[in-house]
There are 2 protein chains.
Amino acid sequence: MPQQDRAYATREAILRAAAEEFDRLGYERTSLTAVLARAGLTKGAFYFHFASKEAVARALVERQSELWAQVREAWHARGVDPLSALHGMFAESAERMAADVVLRAGVRLNADREFGYPGVPSTHLTWEKMIASYVAEAGERGDLRSGVDPDAVARTLCGAALGARLISSATTACADFPARIREVLGYVLPCVASSGWKLSGSQKAVDGPDDS
Amino acid sequence: MPQQDRAYATREAILRAAAEEFDRLGYERTSLTAVLARAGLTKGAFYFHFASKEAVARALVERQSELWAQVREAWHARGVDPLSALHGMFAESAERMAADVVLRAGVRLNADREFGYPGVPSTHLTWEKMIASYVAEAGERGDLRSGVDPDAVARTLCGAALGARLISSATTACADFPARIREVLGYVLPCVASSGWKLSGSQKAVDGPDDS
DNA sequence: CTCGAAACATACCCACCGGTCTCTTTAGCG
DNA sequence: CGCTAAAGAGACCGGTGGGTATGTTTCGAG
């Protein structure tokens, strides 16, 4: 609760303007001047609310990471099988990103750090492990084909999602990101899951091949 | 044919040093000073051979694009089925990239332009179309499952390859890129190809699931 | 050997960007 | 009202990076 309401508004305005620029250009190529021009503010306002350019970026990454835990919890609570949960989490994440610039910026910033700079431990490994554990769990339930390596599947899905986001971000500002994600899932999961597995959780699986 | 042999050598040295920096840091974060320090040269030498920083980047992108046409021709000449040709092209490309810094830098620069800057037509669309045509051709031969959309497969593979390269580049300097690409192909192609299809062309398909 | 162009070195310029400093305005509160 | 701190404006600074201008070496031709 800020001492003044106006302060909260401008802080949000800065975050939003920064998100829009970061989303388009990434961290390096985004200048504070551009952000402030977009927000209709000046450096005085900025450095009152944030300690540095990096601090805004961190704030955006923060918001983003909070949200994912939330999404994950929600799908965990639904009690569907692991593969369906994975599908749901991917799809919901993609849809949220398509709808929210602030979220997109946070994701991009988070990724840019990892892949731009060399040798960063990276949150991305966390994702890979999380996905791998879901796939492994599916294996214990007998939902996998024989010979499927959970780690390899996790690497594939992670990479595919990353690439899809980049392309979608550059071409349609992530508008077609959900569709691309569903395509990826549609062409990977059937190859991973055993023939008996079916997507559950009131989801629509689009663009995958028919069983034949 | 340069007037002096030494000139050719230094030009190559600049290209190599620039490639190493571009490969690690990307275009924006690479400074000429760092490149020249690495090459043991000065700005005088640089601006004699290249008009600008961007010109070196273009030269690297140029080399890269020449090579792909070559790879594509080679696999076309082998006369294998379309899906096997796709597999071969992907695998060979990945292996060349793992081995050659100059190539990697060109690829990264080419991609950075497309995805960093908004609204660039992009060579990447060319790739998608090319892949889609191969997949469509496979469909005409009856090598596809029913319900498979060649365009969607192309998007998926393109994105997956892009993501795999980024992750591999950041973590192992693309050393495990060939393995990651084979994983991707192993978990996508079986889901796309009809059950009768088999990989040909003396290639090893690793990490894919068993048929069951 | 000489001379001139090619090939490279070095000092310099300038625009920009993140960050700081000082000053003004606004809002809460007695 | 009037006082004070929050909130914001706007000028300014240091550093860096791409690019240039000018000087110096190397090489090949005649």
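Start with the surface near DNA strand C in this predicted model: select its residues and colour them by class, and they divide into seven nonpolar, ten polar and six charged. In total, 23 residues surround DNA strand C. Show side chains for the closest of these, which are Lys53(A), Ala7(B), Thr42(B), Gly44(B) and Ala45(B).

Next, switch to cartoon and pick out the helices behind this surface. On chain A, select helix H2 (32-39), helix H3 (43-49) and helix H4 (53-77); on chain B, select helix H1 (5-25) and helix H3 (43-49). Each of these supplies at least two residues of the surface near DNA strand C. Which helix gives the most to that surface? H3(B) does, with four residues.

The same surface serves both copies, as 100% of the contact residues of chain A recur in chain B.

Then select the contact itself, which takes 39 residues from chain A and 40 residues from chain B. On the side of chain A that touches chain B, highlight helix H6 (101-116), helix H8 (150-172) and helix H9 (177-192), each of which supplies at least two residues. H8(A) gives the most to this side, with 13 residues.

Finish by colouring the side of chain A that touches chain B by residue class: its residues divide into 19 nonpolar, nine polar and eleven charged.

Terms used. Residues are numbered from 1 along each chain as its sequence is written. Chains are lettered from A and ligands numbered from 1 in the order in which they are written. This is a predicted model: local features need pLDDT of at least 70, side-chain atom pairs count only at pLDDT 80 or more; totals for chains, interfaces and linings use all residues. Two residues are in contact if their C-beta atoms, placed from the backbone, lie within 7 Å. Ala, Val, Leu, Ile, Met, Phe, Trp, Tyr, Cys and Pro count as nonpolar, Asp, Glu, Lys and Arg as charged, and the others, Gly among them, as polar. A residue is near a molecule or strand if its C-beta atom, placed from the backbone, lies within 6 Å of it.
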